[in-house]
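Please keep the sequence and the 3D view at hand.

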Amino acid sequence: MRATPAILLILCLLAASHAWDCQPVVDIKNLMQIDAGLGQVVATNTSQTPYYLVGDKWIPLPGSLKHITVGPAGIWGINKADSIYKYVAGNWVQAAGSLKQVDAGGNQFIVGVYMKDTSFCLTSSATVGYKGPGSPLPWTGLPGAVKYYSCGPFGCWAVNKNDDIFLMSLNQDCQNNGWSHIDGKLSMIEVATDGSVFGVTSAGSVYTRDGITASKPEGTGWSHMPMCMIMKHVTYDLGRLWVVSKSGFAMVCTH
């Protein structure tokens, strides 16, 4: 007899690492991606419906998005056609250009990845000031080829098609000093508002970077975070770790 998804989830919670107390995320299913920042949480499901968390209720937002991000730069999203949107006054306003992934975790600037893993940055003045068509969008090309990008207070982290990990200092004007290679392998990576870094390997294992400070933004090493499911996405904010399994189950963990 095959176990039902609910039973598998209960077994997973019972088997979770003693260092983290994990609970299922209710009222939302089949998550594809989730992002947390500045006390806000947003997500998209496999139907590409965007959501915003209010209390313990997931409120559907208008539109259809395959990727959504929240942070100091506001709420931004990407649809299945790689069109870029900013959430302004309760509605999505399209921005010129195309990206397949975007991150709003930097110091009011955004970064994103385009086809062929080229990446771009939008300055803080343009990001915060964007209100719709007519607002300037001076996209700045960034070095290297990466497939997933995430920024925080101490720098931007990224992974490439080979799951190699990199760190770069990037300021509000999109000026950078190039990439530094970091040991390890990850298929996706996320940086929290406090600078914490979490990632998922191609095999679905979750890791966190130890020893990150303003003076040592690269940290000191990786620590494995035992999970009883194969994970595909992770994000962290204000003491809460949000994880999404390959099958779309979501949990929020505290410790």
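This is a predicted model: local features need pLDDT of at least 70, side-chain atom pairs count only at pLDDT 80 or more; totals for chains, interfaces and linings use all residues.

Q: How many disulfides does the structure hold?
A: A disulfide is a covalent bond between the sulfur atoms of two cysteines. The criterion here is a pair of cysteine sulfur atoms within 2.5 Å. The structure holds 3 disulfides. One of them joins cysteine 22 and cysteine 253, with sulfur atoms 2.1 Å apart; the angle about its S-S bond is 105°, and the link is right-handed.

Q: Where do cysteine 22 and cysteine 253 lie?
A: Strands (E, at least two residues) and helices (H or I, at least four) are DSSP runs, numbered from the N terminus. Cysteine 22 is in strand β1 (residues 21–24) and cysteine 253 in strand β24 (residues 250–254), so their bond ties together parts 231 residues apart in sequence.

Q: Are cysteine 22 and cysteine 253 buried or exposed?
A: Buried means under 20% relative accessible area, exposed means over 50%, and partly exposed is in between (1.4 Å probe, protein chains only). Cysteine 22 and cysteine 253 are both buried.

Q: Which handedness does the link of cysteine 121 and cysteine 174 have?
A: That link is left-handed, with -75° about the S-S bond, and its sulfur atoms are 2.0 Å apart. The pair links distant parts of the chain: cysteine 121 sits in strand β12 (residues 119–122), while cysteine 174 sits in the loop between β16 (164–168) and β17 (180–185), 53 residues apart. Cysteine 121 is buried, at a relative accessible area of 0%, and cysteine 174 counts as buried at 3%.

Q: What about cysteine 151 and cysteine 156?
A: A disulfide joins these two cysteines, S to S 2.0 Å. Their link is right-handed, with 105° about the S-S bond, and both cysteine 151 and cysteine 156 are buried.

Q: How many residues does the largest nonpolar core have?
A: A nonpolar core is a set of buried Ala, Val, Leu, Ile, Met, Phe, Trp, Tyr and Cys residues joined through side-chain atoms within 4.5 Å. The largest one here has 28 residues, and those with the most contacts inside it include Trp157, Ile189 and Met231. Strands that each supply at least two residues of this core include β15 (155–159), β18 (188–191) and β24.

Q: Which residues does isoleucine 189 touch?
A: Contact means heavy atoms within 4.5 Å. Not counting residues up to four places away in sequence, isoleucine 189 touches several residues, among them Tyr148, Trp157, Ile165, Phe198 and Trp222.

Q: How do I read the open sheet of 4 strands?
A: Strands of a sheet pair through backbone hydrogen bonds, either parallel or antiparallel. The criterion for a pair is at least two DSSP bridges between the strands. This open sheet has the order β1-β24-β23-β22, with antiparallel pairing. Its edge strands are β1 and β22, each of which pairs on one side only. Between β22 and β23 there are 6 bridges; in β23, valine 244 is the bridge partner of histidine 233.

Q: Where is proline 72 placed, and what does proline 72 touch?
A: Proline 72 is in the loop between β6 (67–71) and β7 (74–78), and counts as partly exposed at 28% relative accessibility. Leaving out residues up to four places away in sequence, proline 72 touches Leu38, Ala104, Gly105, Gly106 and Gln108.

Q: Is threonine 201 buried or exposed?
A: Threonine 201 is buried, with a relative accessible area of 15%, and lies in the loop between β19 and β20 (206–210). Beyond its neighbours within four places in sequence, threonine 201 is in contact with Lys185, Leu186, Ser187 and Tyr207.

Q: How many aromatic pairs does the structure hold?
A: Rings of Phe, Tyr and Trp (its six-membered ring) pair if their centres lie within 6.5 Å; planes under 30 degrees apart count as stacked, over 60 as edge-to-face and the rest as tilted. The structure holds 8 aromatic pairs. In one of them, tryptophan 76 and tyrosine 130 have ring centres 6.3 Å apart and planes at 35°, so this pair is tilted. Both tryptophan 76 and tyrosine 130 are buried.

Key
Residues are numbered from 1 along each chain as its sequence is written. Side-chain values use heavy atoms; hydrogens and water are left out.
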